[in-house]
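Subject: Structure handover

Hello,

Here is the structure for you to take over. Please open it alongside this note.

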Amino acid sequence: MRFQTIIEPFRIKSVEAIKFTTPETRATALREAGYNVFSLRAEDVLIDLLTDSGTGAMSAAQWGALVQGDESYAGSRSFYRFRDVVQELTGFKHVIPTHQGRAAERILFHTVLGRESIVPSNTHFDTTRANIEFEQAEARDLVIAEGRVPSLVHPFKGNVDVGALERLLDEQGDRVPLVMVTVTNNSGGGQPVSLANLRAVRAVCTKHGKPLFLDACRFAENAYFIKLREEGQRDRTPKAIAQEMFSLADGCTMSAKKDGLANIGGFLAMNDDAWAASSRNLLILTEGFPTYGGLAGYDLEAIARGLEEVLDESYLRYRIRSTEYLAEKLIAAGVPVLQPPGGHAVYLDARALLPQVPPLQYPGIAVCNGLYVEAGVRAVEIGTVMFGLHPDGTETPGPMDLVRLAIPRRVYTQSHIDYVAEAVLALFARRAELRGWRIVEAPKLLRHFTARFEPLA
Ligand code: F0G
C-alpha cells in the first residue's frame, strides 16, 4: 500500500438523517427511560453504539438480492442459495436457518442439554448463558487468565484455558454434552481466539469424545485477527482462515446480524444427523419450516450475499482499523480502555474509570448514562448489571465492569468516530462527579434489558 490512510471501502448511496438534541432534553429522555439506555427511543440518540447487531448498512448488492428473494413456503430457491454459501464456508452437513442467533442457541440447547449439564466456553454471551440456564444447566466460562485483565495486552485474549477445559472434562465430562467457543469473545472485549487454541480445544474434545460448537457471530473479524497476529497466517485469505476455524468444529450457532452483514437472521449448523433432526422438529414448532426458519426468502438472500462480502479483505482491514482508531484516541488521552481493542467494539473499563463507584453500584451504568446525557452517544454496560445476578438470586460483581462502544458495520464515518472520542474525553474530564446507581425494578433473567435505575445521592 502506497498511502497510509485506510479509507472506508465504500461510497454512500443512501443516507438517514440523525436528530440533534441538547443535554437537557437527553436528561429528560433518560429519566423517562428509567435511566436505562435500552428504554430510550432510538430517535433521541445521536450516535448509536448500543450494538453492532443488525444495525449495519447493507450493500447495494444485498438490497438488489432482496428482490430476488423466493418466498415459497417450502424449498425456496433462496434457501438453497443460503445453504450453499453457509456450507461452502463452514463445511457443516446440516444448515438450519433461524430468525437470529439466540433462536439457534435455544434450539441447540433444548435438544442437547439436560438439567445437570455443563456447557464450557471461553465466555458465553448473555443470551447464550441465559438459554443454557433456562434449561437448568450451567454455563461455565473458561477464558485464559489474561482475558480477564482489561489493561493487559495479549494477541488472543479470547483463547480458552485448555488446561481448565481438560480438568473439567476429566472430572465431570459426563455432564458436558458439548464444548463451545465464542469467536470473537464478545463479553471478554471482542477478543479473538487463535487457530492454535482452536486446534488445542479440538484435540481435547476429540480425546473426550465431545462435539465442539462455535458461537460464530464474528467469525470474519476473528479470521482477520488471526491473519494479522498469528504466526504463519499472514499470506492466507480471511476466507481460508475462516474455513479452517469451522473445520475444527462440529457445528455452530450464528447470528447473521453481525458478520452476516444482515439486519436480521441466523442459523444453526452441524454434522450430527440425530441432533439436526431434533433441532428441525423444534424449529418447526416455533420458528418455521426448515427451509426458512422464521426468515423471509429475501432475508436468506441478504445473508448469503453478506457472508461473502464480509470476508473481503479491504472491508476487514477497514473494520478492524477503524475500531482501533477510536481506541487509540482514548488510550492516548489516558482513558482506561480494554486492550487491545476488539474487532467490533471499544470497551471502556468503567471499574478503573470510576474507582469511587463500587461494582454493586454499577460503574458501567454511570458511564453509559453520563455519555448519553453528555453527548447523545448510546453505549451498553457489559458488567455487573449484565452478569452479576445469579440463578439463585444472589448478586456479585461481574467479572469486569465494561462499557462497550459497539461500531455498527459500514454505518458511521471517521468524523462520527472523532465526535465519539471527543464525547468520551469530555466525560472522562469530569469523571470525579459521577455517582453510582441502584436498581429499582428488574426481572430475574436478562435484567439489563429492562431494569429501571435510580441515581444514588
Ligand atoms: N452470541 C454472541 C457472541 C453475541 O454477541 C450475540 C448477540 C448472540 C450470540 C445472540 O445473537 O442477537 O442474533 O440473538 N449479541 C448482540 C450484541 C445482541 O449486542 O452483542 P442474536
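Predicted model: local features only at pLDDT ≥ 70, side-chain atom pairs only at ≥ 80, totals over all residues.

Residues are numbered from 1 along each chain as its sequence is written, and side-chain values use heavy atoms, with hydrogens and water left out.

Domains

The protein chain splits into domain 1 (23–52 + 312–455) and domain 2 (60–309). These bounds come from an automatic or database domain assignment. Between the C-alpha centres of domain 1 and domain 2 the distance is 26 Å. At the interface, 31 residues of domain 1 are in contact with 41 residues of domain 2. Contact means heavy atoms within 4.5 Å.

Salt bridges

There are 30 salt bridges in the structure. The criterion is a side-chain nitrogen of Lys or Arg within 4 Å of a carboxyl oxygen of Asp or Glu.

Start with Asp 52 and Arg 218, whose side chains form a salt bridge at 2.8 Å, N to O. Asp 52 sits in the loop between β1 (47–48) and α2 (60–67), and Arg 218 in the loop between β6 (212–215) and α8 (219–229), so the pair ties together parts that are 166 residues apart in sequence. Helices (H or I, at least four residues) and strands (E, at least two) are DSSP runs, numbered from the N terminus. Asp 52 is buried, at 0% relative accessible area. Arg 218 is buried too, at 2%. Buried means under 20% relative accessible area, exposed over 50%, and partly exposed in between (1.4 Å probe, protein chains only).

Next, Glu 395 pairs with Arg 447, with the closest N and O atoms 2.8 Å apart. Glu 395 is in the loop between α15 (384–387) and β12 (402–406), and Arg 447 in the loop between β13 (437–441) and β14 (452–455), so this pair links parts that are 52 residues apart in sequence. Glu 395 is partly exposed at 31% relative accessibility, whereas Arg 447 is buried at 6%.

Salt bridges with shared partners also join Asp 52, Arg 218, Glu 221, Asp 259, Arg 319 and Arg 409 into one network.

Glu 328 and Arg 321 form another salt bridge, with closest N and O atoms 3.0 Å apart. Glu 328 is partly exposed, at 38%. Arg 321 is partly exposed, at 26%.

A strand residue

Ser 121 belongs to strand β3 (residues 118–121). Ser 121 is buried, with 2% relative accessible area. Beyond its neighbours within four places in sequence, Ser 121 is in contact with Arg 140, Asp 141, Leu 142, Val 143, Met 180, Val 181 and Thr 182.

Cavities

Three cavities of 30 Å³ or more are present. A cavity is a set of points, on a 1 Å grid over the protein atoms alone, where a 1.4 Å probe fits but cannot get out; lining residues have an atom within 4 Å of a point. Volume is the space filled by probe spheres set on the points, which are joined across faces, edges and corners.

The largest cavity holds about 90 Å³. Its lining includes Tyr 35, Phe 38, Cys 368, Glu 381, His 448 and Phe 453. Two elements, α14 (363–375) and β11 (380–382), each give two or more residues to this lining. α14 gives the most, with three residues. By class, the lining has eight nonpolar, three polar and one charged residues. Here Ala, Val, Leu, Ile, Met, Phe, Trp, Tyr, Cys and Pro count as nonpolar, Asp, Glu, Lys and Arg as charged, and the others, Gly among them, as polar.

Best regards

Notes:
1 Å grid on protein atoms, 1.4 Å probe; cavity = no way out; pocket = protein on both sides within 12 Å on 5 of 7 lines; lining within 4 Å.
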